[in-house]
Amino acid sequence: MQRAPLPFAFARDNQVALDGAALLIGPEATANGLREARRRAGAPVNPAPLAESDFQAALSRLYEDAGSTAEAPDVAFDLEDPDRPGATRDLLEDATEAPVIQLVNQLLRQAVRADASDLHLEPHEEGLRARMRVDGTMQTMFDRRDVPARRVVSRLKVMARLDIAETRLPQDGRIALRLGGRAIDLRLSTLPGHYGERVVMRLLDRTTGLMDLDRLGLTTDQAALLQRLAGLPNGIILATGPTGSGKTTSLYSLLRLADRAERNILTVEDPVEYDLPGISQTQVNADIGLTFARGLRSILRQDPDVILVGEIRDPETALVASEAALTGHLVFSSLHANNALSAVVRLRELGVDNYLISATLRGVLAQRLVRRLCPACSITRPPTEAETRVFTDHSLAAPSQLAHPQGCAACEGTGFDGRIGVFDILEIDDTLREAIDSGAPEARMRALSGRQGSALFRAALARVATGETALDEVRRVIGESA
């Protein structure tokens, strides 16, 4: 692709860009930008007005391609206060930097463009290894001896405004940056080790946007049930699963269902992963004493109708959330539990009384993310006897063909392309409510709900039967006992 002749910063600020013979025009394009674009084109161009989101996507496409060429300068960051408006510099902006800075910028850009959720820098005896987590699995970016690990870590700590002189204690920080029109938030954590400080960064794309229920991977019946739960006037709705299973995305989608003009919606989160227009969002800050529990108590004085608590992780938060639901509020939150019924057991472990759980808990959404098979290279073959038995053991008919990963250039040899959600939704009915109130164990509640075996694994097998994912992938992520 021909490199766009306009400097990236100029194109971004004036909302104009040249794409071959087309002049891309954003909704806030300036007269000066249009004049300069036409002058640089040197030939007639075809105006192409675009919406804001389309213009930003085109800008990223044009300049990411330009930034990946050998002649293009590397990316750069601004080290000013990230809380000041306009302080963050764009990853695609031209700059000439020192080798260590270029390496750090290149790593971050590669991770962002690969849609990685985490970036790991691991010093070892012979150098530095960099890995990123894409679609839930780790991929090595490089493992080199010639990289000055300490200088790379120091550069990241400077960007995150951490103490570079302190190498004996763990530290946490934040880096705000952009890649084209995408606002990226990095949560950085350092951990001292034998060969230097290990760094792990969680990447949050704040411009990804929220997903509708049909894009989450829910069945029609599951989507209808969630819509009904989100319309309740009070109670607690929980999303359960391990870290990285998509709980926050599901909760935000539920919040959109409850977002009505007549409702006051507030959140307390750690971190605030997406910007929700029209909703007041509060960031937890443990350093100054703003915990989930304290933030939730303060929110209750703000006349809320719907409350999102990022995570219930301690007895105080669990109790305050339950009391909020009991006093007429609808509360969404996440909880670490293996399956839907385990959420009840977990709440008991956090000290919530049985009568309070039975009175407030309305529904539990258990979920996992499994990798989707690459449509370009997946192969099918008849199931083996052992594979057929997996389906029959879970009261499902085995399909005539099972899809398997193979690997091609399109999926970079992994055999998978993206991820899909697998869900199990438990609605607390009167029978379960009575069992919870009487302190029934999980096995008894499972029998009463008719959930013999793993409901989550059974839901995943349905995805395997349609060829969306592989049986081995489901076993890796969920197991047969979840």
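Student: In what order do the 7 strands of the open sheet run, and how do they pair?

Tutor: First, the general idea: strands of a sheet pair through backbone hydrogen bonds, either parallel or antiparallel. Here the order is 12-11-13-14-10-15-18, with mixed pairing. Strands (E, at least two residues) and helices (H or I, at least four) are DSSP runs, numbered from the N terminus, and two strands count as paired if DSSP finds at least two bridges between them. Keep in mind that this is a predicted model, where local features need pLDDT of at least 70 and side-chain atom pairs pLDDT 80 or more, while totals for chains, interfaces and linings use all residues. Residues are numbered from 1 along each chain as its sequence is written, and side-chain values use heavy atoms, leaving out hydrogens and water.

Student: Which strands stand at the edges?

Tutor: Strand 12 (280–283) and strand 18 (416–427); each has a single partner strand, so one side of each lacks a neighbour in the sheet. From one strand to the next, the twist averages 15 degrees.

Student: In what sense do strand 15 and strand 18 pair?

Tutor: Antiparallel, over 10 bridges, with strand 15 spanning residues 361–373. To find your place, look for Arg371, whose bridge partner in strand 18 is Arg419.

Student: How do I read two packed helices, say helix 4 and helix 5?

Tutor: You describe such a pair by the angle between the axes and the distance between them. Helix 4 (residues 99–113) and helix 5 (residues 149–159) pack at about 70 degrees, axes 10 Å apart. Axes are lines fitted to C-alpha atoms, for helices over the stretch in contact, and angles run from 0 to 180 degrees between N-to-C directions. That makes helix 4 and helix 5 roughly perpendicular (65 to 115 degrees; under 35 is roughly parallel, over 145 roughly antiparallel, the rest oblique). Residues making the contact (heavy atoms within 4.5 Å) include Val104 and Leu108 of helix 4 and Val152 and Leu156 of helix 5.

Student: How many residues are in the largest nonpolar core?

Tutor: In soluble globular proteins, nonpolar side chains tend to be buried together. A core is a set of buried Ala, Val, Leu, Ile, Met, Phe, Trp, Tyr and Cys residues joined through side-chain atoms within 4.5 Å; buried means under 20% relative accessible area, exposed over 50%, partly exposed in between (1.4 Å probe, protein chains only). The largest here has 37 residues, with Leu238, Leu361 and Met445 making the most contacts inside it. Its largest share, 5 residues, comes from helix 10 (residues 315–326). A second, separate core has 33 residues, among them Ala116 and Leu177.
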